[in-house]
Amino acid sequence: MLIGDVARHSGVSARMLRHYDSLGLVRPTGRTGGGYREYSEEDIRRIFHIESLRSLGLSLREVGRALDDPGFAPSELVDGLIRQTRERIAAETELLTRLRRIGSAEPAGWQDVLQIVALLQALGSTSPGTRQRAALSSADEAPVPVEALVEAVLSETDPNVAGALRWALARSGEGGLPLLARGLGSPVAEVRNRAVQAVAEIPGGQATALLREALADPDVAVRRYAALELGARGSADAVPTLIDMIVEEANDVAAADALSTLASGPAPADRVTGRPSSEDRITGRPTSEDPVTGRPTSEDRITGRPTSEDRITGRPTSEDRITGRPTSADRITGLLVDRLAHGTTPPSARRRLAQALADIPGHAASRALAKLSRDEDRGVALTATYILGMREVR
């Protein structure tokens with residue numbers, strides 16, 4: 001079969017067949033009387049073998065080695081091809097991601113495109129200083145795509161750079177929250193920790209909802225960070241975690257401050273207490289009289305349920321005077337007292353819980369402290385007595 005016929009049947013151009021001949025890959029078996037190349041059936045089979053191996057990504061040199069080297073190991077070559085293909089796919093995917101990010105920034109001209117590319121490259125730099133400058137300059141130059149900022153936030157290990165990235169992300173609004181929500185679902189605890197810190201710096205109801213979900217995170221660091229921020233936002237969902245932090249002496253001062261902030265505002269019914277009680281949470285006995293004055297009361301103030309009247313003003317005080325529901329302070333006091341009375345709470349934790357009552361406003365907290373001033377634990381009793389004295393001075 002002459003070269004033209006081979007080209008038509010094989011789909012390999014005559015020029016490429018000549019190139020194969022020059023490389024020694026396929027040498028025609030014979031020549032015609034006029035000197036034209038003449039290919040045998042074996043030659044044509046070899047051509048198809050060459051094309052098959054080329055379709056796998058082999059170079060012509062590798063093809064020749066595969067066909068002519070008796071000791072050639074196909075598995076080694078295939079493994080190498082798999083590795084090269086993965087690297088090529090990763091590079092193409094990275095390029096596609098970069099193009100999408102540039103497109104999402106809606107550049108007005110090539111100057112904007114160049115600035116965005118420069119910022120993206122700086123965010124991927126190995127130098128922490130370069131990454132930090134890129135994050136800080138993103139507000140003044142072309143905006144960095146939100147997706148790129150979120151990716152950088154979730155992977156950044158340098159605390160200074162991470163702070164700059166969170167600041168830049170917060171300036172971009174709520175657009176990054178869906179991506180941060182994915183970060184909160186990561187199987188890697190450190191990624192979830194970075195995500196919750198980034199969410200905490202974004203205001204608004206969507207961010208608050210994500211922080212509430214983070215309270216159920218399996219990692220205690222994520223739960224604690226979410227609780228502190230929710231406390232600052234006035235969300236009563238954080239109260240149980242904040243009390244746990246006091247008991248466990250984990251940033252307990254900040255947790256007590258957050259409880260104080262929550263206690264100063266109204267709380268929806270049954271959001272904080274979890275359950276009412278008809279008995280005194282310290283003694284375990286039903287309460288039928290005021291432990292300070294000795295006068296009868298209709299209900300125990302520490303439980304958070306309404307009492308008959310304020311002992312000083314004569315007005316009802318254990319419930320919100322507008323809604324008729326127990327106040328946040330009463331509800332938080334009840335939970336603190338519950339933990340104080342729990343048999344597994346160690347003495348040092350009980351003293352911290354007593355201290356946490358210091359900045360909880362209202363008569364329920366004062367009454368709880370009055371009872372604690374007679375506690376069997378001398379440290380708890382002295383702490384409660386001191387706090388009561390300070391409250392009277394105020």
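Asp158 caps the N-terminal end of helix H9, with a side-chain oxygen 2.9 Å from the backbone nitrogen of Asn160. The model is predicted. Its protein chain has a mean pLDDT of 80, and 78% of the residues reach 70 or more. The structure holds 17 salt bridges.

**Helix H9**

- H9 covers residues 159-171.
- The helix has 13 residues, so at 1.5 Å a residue it should span 18 Å. Its end C-alpha atoms lie 19 Å apart, which agrees with that expectation.
- Seven names make up the buried set of H9: Val161, Ala162, Ala164, Leu165, Arg166, Ala168 and Leu169.

**Salt bridge Arg192 to Asp217**

- Arg192 and Asp217 form a salt bridge, and their closest N and O atoms are 2.8 Å apart.
- This pair links distant parts of the chain, 25 residues apart. Arg192 sits in helix H11 (residues 189-200). Asp217 sits in the loop between helix H12 (205-214) and helix H13 (220-232).
- Arg192 has a relative accessible area of 8%, so it counts as buried, the cut-off being under 20%.
- Asp217 is buried as well, with a relative accessible area of 7%.

**Salt bridge Asp375 to Arg350**

- The side chains of Asp375 and Arg350 meet in a salt bridge, at 2.8 Å from N to O.
- Here too the pair links distant parts of the chain, 25 residues apart. Arg350 belongs to helix H17 (residues 347-356). Asp375 belongs to the loop between helix H18 (363-372) and helix H19 (378-393).
- Asp375 is buried, with a relative accessible area of 16%. Arg350 is buried too, at 13% relative accessibility.

**Salt-bridge network around Asp21**

- A network of salt bridges links Asp21, Arg27 and Arg37.
- Within it, Asp21 forms a salt bridge with Arg27, the closest N and O atoms being 3.4 Å apart.
- Asp21 is buried, with a relative accessible area of 8%.
- Arg27 has 53% relative accessibility, so it counts as exposed, the cut-off being over 50%.

- Ser235 lies in the loop between H13 and helix H14 (239-247).
- At 4% relative accessibility, Ser235 counts as buried.
- Leaving out residues up to four places away in sequence, Ser235 touches Arg212, Leu230 and Leu262.
- Asp257 lies in helix H15 (residues 252-263). Its relative accessibility is 43%, so Asp257 counts as partly exposed.
- Asp257 and Leu242 are 15 residues apart along the chain, and their C-alpha atoms are separated by 9.6 Å.

**Confidence**

- H11, the helix that holds Arg192, has the highest confidence in the protein chain, at a mean of 97.
- Confidence is lowest in helix H6 (residues 110-123), at a mean of 72.
- Over residues 267-324, pLDDT stays under 50. For these residues the model has 131 contacts beyond four places in sequence.
- Where pLDDT is low, the predicted coordinates should not be read in detail.

Terms used:
Residues numbered from 1 in each chain as written. Heavy atoms only, no water. Salt bridge = Lys/Arg side-chain N within 4 Å of Asp/Glu carboxyl O. Buried < 20%, exposed > 50% of the residue type's maximum accessible area, 1.4 Å probe, protein only. Helix = DSSP H or I, 4+ residues; strand = E, 2+ residues; numbered from the N terminus. Contact = heavy atoms within 4.5 Å. pLDDT = per-residue confidence, 0-100. Expected span 1.5 Å × (residues − 1). Polar contact = N/O pair within 3.5 Å; in protein donor to acceptor, adjacent residues only side chain to side chain.
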